[in-house]
Amino acid sequence: MPYATPGSDVISIIDAPPAPLASLAPGGRFLALVHYETHPPVALLARPYLALAGMRIDPELRGQRRLRRMTGLSVLRVADGTTRALALPDGAQVGRPAWAPDGRRFAFTVDEPGGIGVWVADADAGTAAPVPGLRVSDVLGGDPAPEGGTVRWARDGRTLLALAVPPQPAPVPAAPVEPQTDETAGKRSQMATFQDLLRTAADEDAFEAIATTIPLRVDPVTGASSGLGPPGLYDSVHESPDGQHLLIHRVHRPFSFRVPWWLFARTAEVRTAAGEPERVVASLGVSDEVPRQGVPTGPRQVAWLETAPATLIWTEALDGGDPVAPAGHRDRIRRLAAPFGDEPATVLDVRQRCLGWYDLATPGQLLLVEHDRDRRWLTTTLCDLASPDRAQVVFDLSADDAYADPGAPLMTVHPDGRRTVLQHEQAIYLRGEGATPDGDRPFLDRMDLATLAKTRLYTSPADRLDYVIGLAPASQEPSGSGDGPPDAAGGPPEAGGGPPDPPREVLIWHESPADPPNLGLLTLADRSARLLTDWPNPHPQLTGLTKRLLRYQREDGLQLSGMLHLPPGYDPARDGRLPLVVWAYPLDYGGADTAGQVRGSSQAFTRLSALDPAFFLLRGYAVLADATMPVIGDPETMNDTYVEQITAAAQAHIRALAELGIADPDRVAVGGHSYGGFMTANLLAHTGLFAAGIARSGAYNRTLTPFGFQTERRSFWEAPAAYDRMSPFRHADKIATPLLLIHGAADNNSGTFPIQSQRLFEAIRGNGGTARLVVLPFESHGYLARESVLHVLAEQFDWLARHLDHSREPNARKAVSAAMTSPTPAPT
């Protein structure tokens with residue numbers, strides 16, 4: 001059948017342009033805005049690609065497969081809010097910006113007929129030009145820095161470090177017709193069910209040919225370049241803080257048919273600034289026997305210490321990488337300073353698993369984060385590498401505790417290119433979501449590391465959401481030079497025109513139920529704000545919708561919550577009960593105290609995205625979105641009661657909405673995506689609570705994910721009863737409720753093979769049940785193409801119209817229909 005469409009009211013919303021992505025320049029004087037197309041045509045997804053080593057590669061680009069169209073870039077000047085679009089070739093597909101240390105220039109990629117080019121923009125002048133002759137490959141490097149390593153600025157901002165396509169790249173060999181073979185003997189490879197892996201020797205050759213690059217140092221104006229090593233499979237090139245050395249991560253043969261490329265044999269090595277070898281720091285084999293929920297052995301997270309001229313720091317497992325092995329300390333922190341001839345020094349042993357660290361501005365000091373798997377606990381320690389025995393615990397809390405989450409530190413890049421936590425003497429700044437029992441209240445704190453005392457600088461008001469994205473500089477006067485290089489977390493630099501202490505202004509994302517997201521500048525003293533952008537409401541016809549955060553209890557007393565959306569104009573006293581859609585994604589927690597916490601906010605602007613259940617409002621349904629389905633208990637065994645716990649939660653959600661007089665308990669549908677789809681099928685297999693279900697991109701036969709799934713720690717052979725009980729496929733003969741199954745034909749998410757939906761559909765059909773299967777061409781785990789998302793919405797609307805009869809509540813139907821078609825004033 002051809003693609004279906006759901007109606008002009010929905011099409012206009014799908015086609016409405018989204019707010020652009022924003023990248024704050026170092027120094028805070030500019031924002032680069034990346035404009036994109038939310039839903040490209042399916043023809044973009046239909047472009048040929050190679051599935052190799054856990055990736056999908058566009059052979060014509062010699063780059064990663066493009067799933068979205070980044071259509072342009074513009075520059076916003078914070079001082080006056082003026083925006084200027086960059087002149088780019090017609091139809092250009094751009095990449096994300098990588099800011100230079102001057103806070104004025106940024107590099108970005110542009111897809112061109114001959115491959116991937118690199119351009120450099122001047123934010124002050126509002127101009128951009130290509131780097132002559134440079135063609136790069138992002139197969140392994142990913143986006144430009146700070147997100148990836150394909151293109152990044154040198155510390156001094158004078159040159160670019162790029163992973164370039166060789167002048168005469170090896171042709172990608174055609175895949176021969178040959179048997180696929182594999183063999184094992186004695187390995188205990190209990191890895192996740194990765195997809196798009198190498199399968200044959202020809203695949204290995206093709207991967208090596210298309211992923212090979214040459215690391216270059218490039219003049220951004222002239223394009224003059226010098227090589228930094230021979231061709232190879234480079235992941236990233238990082239310059240030392242003093243600019244005299246390079247840390248290079250690369251992979252090499254042997255490859256593997258069992259794991260993706262980042263777990264192939266790999267090295268971390270130091271070279272001179274000119275690319276001459278100095279020392280191999282880590283040489284690791286294929287990591288295909290990593291213990292479940294464990295880490296590879298050997299050095300990992302190898303990086304430069306940002307406050308030393310040229311010192312490497314990394315962590316190594318002391319427990320074989322096995323989280324269940326007895327160990328007094330699980331990880332060790334080591335370091336090695338230039339000239340790299342000595343043996344690495346042990347800095348300290350970490351009791352739990354080291355997740356990483358933040359470099360503080362004070363030389364040799366880190367905020368070290370470790371995770372206790374057994375307790376589900378996070379501990380952040382202030383550690384001085386010169387005296388690690390005096391480490392001080394800064395944060396210590398359950399990983400599930402949203403209310404106690406202290407937030408993350410704002411980062412900065414210094415004028416010399418060092419990236420550290422934004423710090424004024426002993427003060428740092430923390431921003432967080434601010435979860436509370438009444439919903440999120442984003443915040444900004446100032447914390448004194450000497451006393452650990454915190455001062456709340458800003459809390460978002462109760463009637464809107466203001467997310468701090470960075471501190472504004474001391475002066476907003478335009479100038480010809482910037483203040484320091486970029487920062488992934490959006491923080492500005494601490495010197496050369498950086499923010500004062502305490503800060504006077506902050507840059508925010510502002511939104512409210514009536515106001516779509518826009519960028520603004522907020523004064524902390526009087527809380528006054530002025531918007532820097534004026535992006536319109538993409539769907540003004542929904543301005544009058546009602547959104548409420550509801551809280552109630554499961555039968556056992558566990559707190560539950562959900563975000564109730566009601567159509568504009570609906571009055572339960574006048575219009576009666578509505579059919580209800582419950583949309584959820586189960587999460588597990590260590591205890592009831594954290595499982596019952598509220599996450600999310602009724603004050604967020606409702607921006608309908610293609611997979612958003614709030615679209616059902618347009619057809620007269622009440623929608624309970626983000627309905628909590630917590631599963632609590634011992635992390636080793638909590639899934640033994642998974643079915644009982646999600647059933648109890650579903651009963652409580654329906655009961656609460658029925659008691660409010662809003663929902664008809666006989667006309668309730670349940671839906672979810674991925675693990676939410678898995679939940680949906682389980683609820684239909686084990687309960688009679690629902691009149692219809694929608695399960696998208698789920699995994700329904702857990703024997704196909706035998707070495708764990710989500711946070712399940714046991715294998716199928718260790719807990720066959722739990723796997724059996726939780727597999728809807730096993731209970732398909734009991735699924736009597738009509739179920740709509742939707743899946744992407746090219747789903748490459750671990751575990752959610754398309755066959756999962758296909759086999760469940762066949763099982764339901766074979767047992768006389770009612771189901772419909774929709775397989776979307778070229779789509780992966782989430783659905784992106786315009787044709788696909790319109791078809792999904794049409795299918796969902798039709799399914800519920802067929803199985804949730806509206807005729808019993810004509811007054812509600814009329815009121816909702818009238819509200820949807822009558823003119824709605826624009827929000828003020």
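This is a predicted model: local features need pLDDT of at least 70, side-chain atom pairs count only at pLDDT 80 or more; totals for chains, interfaces and linings use all residues.
Residues are numbered from 1 along each chain as its sequence is written, and side-chain values use heavy atoms, with hydrogens and water left out. Local features need pLDDT of at least 70, side-chain atom pairs count only at pLDDT 80 or more, and totals for chains, interfaces and linings use all residues.

Start with the sheet. Strands here are DSSP E runs of at least two residues, helices are H or I runs of at least four, and both are numbered from the N terminus. Two strands pair if DSSP finds at least two bridges between them. Four strands form an open sheet, ordered S21-S22-S23-S24, with antiparallel pairing. Its edge strands are S21 (300–304) and S24 (345–350), and each pairs on one side only. In general, strands of a sheet pair through backbone hydrogen bonds, either parallel or antiparallel.

Now look at S22 and S23. Strand S22 covers residues 311–317 and strand S23 covers residues 331–337. Seven bridges join these antiparallel strands. Thr311 has Ala337 in S23 as its bridge partner.

Glu316 forms one with Arg334, and their closest N and O atoms are 3.8 Å apart. Glu316 sits in S22 and Arg334 in S23, 18 residues apart. Both Glu316 and Arg334 are buried. Buried means under 20% relative accessible area, exposed means over 50%, and partly exposed lies in between (1.4 Å probe, protein chains only).

The structure holds 50 salt bridges. Asp111 pairs with Arg66, with the closest N and O atoms 2.9 Å apart. Asp111 is in strand S10 (residues 105–112), whereas Arg66 is in the loop between S5 (63–64) and S6 (69–77). Both Asp111 and Arg66 are buried.

Compare a pair within helix H9 (residues 754–766). Glu762 and Arg765 lie three residues apart there, about one turn of the helix. Their closest N and O atoms are 2.9 Å apart. Glu762 has 37% relative accessibility, so it counts as partly exposed. Arg765 is exposed, because its relative accessible area is 51%. Elsewhere, Arg300, Asp319, Arg330, Asp331 and Arg353 are linked in a salt-bridge network.

Last, the cysteines. A disulfide is a pair of cysteine sulfur atoms within 2.5 Å. The structure holds zero disulfides. The sulfur of Cys383 is 10.0 Å from the closest cysteine sulfur, in Cys354, which is too far for a bond. Cys354 is buried at 3% relative accessibility, and Cys383 is buried at 2%.

Key: A salt bridge is a side-chain nitrogen of Lys or Arg within 4 Å of a carboxyl oxygen of Asp or Glu.
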